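Okay, thanks for coming, everyone. Let me put the chain up on the screen and we'll walk through it together.

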Amino acid sequence: MTQAKAGDTVHFHYTGTLSDGTVFDSSEGRDPLSFTLGSGQIIPGLDAAIDGMSVGEQKTVTIPCTEAYGEHDARARQAVPRDQIPDTIPVDPGTQLQMKSPEGQVIPVVVIEANDEHVVLDANHPLAGKDLTFAVEIVSVA
C-alpha cells in the first residue's frame, strides 16, 4: 500500500480538538483536506504525523503548540489609542479586525479589551499556545 511521503498530494479527513475535548475544526460533512506533504501548507507537527501513513490508515496524534501555531507571544498584543480607531469600527472584545503592516501586509487581530482610552489588539493566532489533538484518516495519496 502506498505510504505518504514528501511531495505527495495527501487527502485526509480530520477532527481537531483542544485538551478539554472542544472541537476547533473538522472536515466532517465536507470534502477531505488536500495538501502537499512537506510543503509547509499545514502545521509542522501534523505534516510530520501524516508522513508515512497509508490510504485508509487512521490515527490520533497530539501536536504540541511549538509544532502547531507556536507559543502565545505577549509582544503580539498592542494597545492603540481609542481616538485612532474610527467610531464606525466595532471594538467589542472578541471582534476580529484587520490591520496593515508598514509593508502593506494584512494582519488579522482580535480585540481583547476596549475602553474610552485604548483598544488592546492581539495578533496571535487563536490557537497559539495550545496543544492540539487530531484524529486523522488518510483518504488518498497521489
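So, Thr 62 sits across from Thr 133 in strand E9. That's one spot where E4 (residues 58–63) meets E9, and six bridges hold that antiparallel pairing. Strands here are DSSP runs of at least two residues, helices are H or I runs of at least four, and both are numbered from the N terminus. Two strands count as paired if DSSP finds at least two bridges between them.

Quick word on what you're looking at: this is a predicted model, where local features need pLDDT of at least 70 and side-chain atom pairs pLDDT 80 or more, while totals for chains, interfaces and linings use all residues. Numbering starts from 1 along each chain as its sequence is written, and side-chain values use heavy atoms, leaving out hydrogens and water.

Now, which strand does E1 pair with? It's E9 (residues 132–141): eight bridges join it to E1 (residues 9–17), again antiparallel. In that pairing, His 13 has Glu 137 as its partner.

Zooming out, the protein chain has one helix and nine strands, in the order β-β-β-α-β-β-β-β-β-β.

What about overall size? The radius of gyration, over C-alpha atoms, is 19 Å, whereas a compact globule of 142 residues would be near 14 Å; that rule is 2.2 Å times the number of residues to the power 0.38. The C-alpha box is roughly 60 × 35 × 30 Å along the principal axes.

Last one: 34% of the 142 residues are buried, meaning under 20% relative accessible area with a 1.4 Å probe, protein chains only.

Key
Buried means under 20% relative accessible area, exposed over 50%, partly exposed in between (1.4 Å probe, protein chains only).
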